[in-house]
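Happy to walk through this one with you.

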Amino acid sequence: GYPSLEAGIAMAPRGMGSLIGMPVVGLIIGKVDARKLVALGLTVGGATLLWLGQLNLNAGYWDVFFPQFVQGIGLSLVFVPLATAGLIADPLAILRAAGAALGLSLLASAIYIVNDLLDIDADRRHRKKRHRPLAAGDLTIPQGLALSGGLAVAGLGIGAAVGGAALLLALLAYGVMTTAYSLKIKAAMVADVLMLAALYTVRIWIGAVAVGVELSEWLLLFSI
């Protein structure tokens, strides 16, 4: 339950993790078996979800910082297909992958706002969550809807610009899945974990679509 500025700062570690993870993948992909990297990334991602699940209402900023940072590294999986296809030195491929990552981040941010809009009544009754921007009234519902819509349009627009219709459809699929999670699936104890795990695979698929490569069976296997 942070004020607006602190809430933004609390989410920043996720982006930091992505920025650090992306170039690291590119540097070591030729030296380390890519299957091991994917398996490690998924293991770390799963552990992070469990880590976040252990937090309680008394969790401080640094308790949130580290799991968010590690979770952000999961976005770097978008660059795995780029590296495994030998395109890490191709400027155009890098631009497309970076555009996919940016579009994905903007779309995810739009869905996060939708999630807060759906939970606004419960958040207003919560001792700490009532301080969130929407629940506290710092951001009105129309403003939240406009911001969410703007972020979604920007994310999808960037995807279409760098990857055409194929990447646009891939991002739309991701948006549908995350929206379904916010609307219903997050309340189902087992289904929510399965959906979160599936979204890691979808991120890899989006990366493959962005750079125009076909995912191998082993990469899909290790990403499930």
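Q: Where does Met189 sit?
A: Met189 belongs to helix H9, residues 189–211; helices are DSSP runs of H or I with at least four residues, strands are E runs of at least two, and both are numbered from the N terminus. A word on the basis: this is a predicted model, where local features need pLDDT of at least 70, side-chain atom pairs count only at pLDDT 80 or more, and totals for chains, interfaces and linings use all residues. Residues are numbered from 1 along each chain as its sequence is written, and side-chain values use heavy atoms, with hydrogens and water left out.

Q: Why is Met189 called exposed?
A: Its relative accessibility is 75%, and exposed means over 50%, buried under 20%, partly exposed in between (1.4 Å probe, protein chains only). So Met189 counts as exposed.

Q: What makes Asp119 and Lys186 a salt bridge?
A: Their side chains meet at 2.8 Å, N to O, and the term asks for a side-chain nitrogen of Lys or Arg within 4 Å of a carboxyl oxygen of Asp or Glu. Asp119 lies in the loop between H5 (91–118) and H6 (120–125) and Lys186 in the loop between H8 (141–183) and H9, so the pair ties together parts 67 residues apart in sequence. Asp119, at 22% relative accessibility, counts as partly exposed, and Lys186 is partly exposed at 28%.
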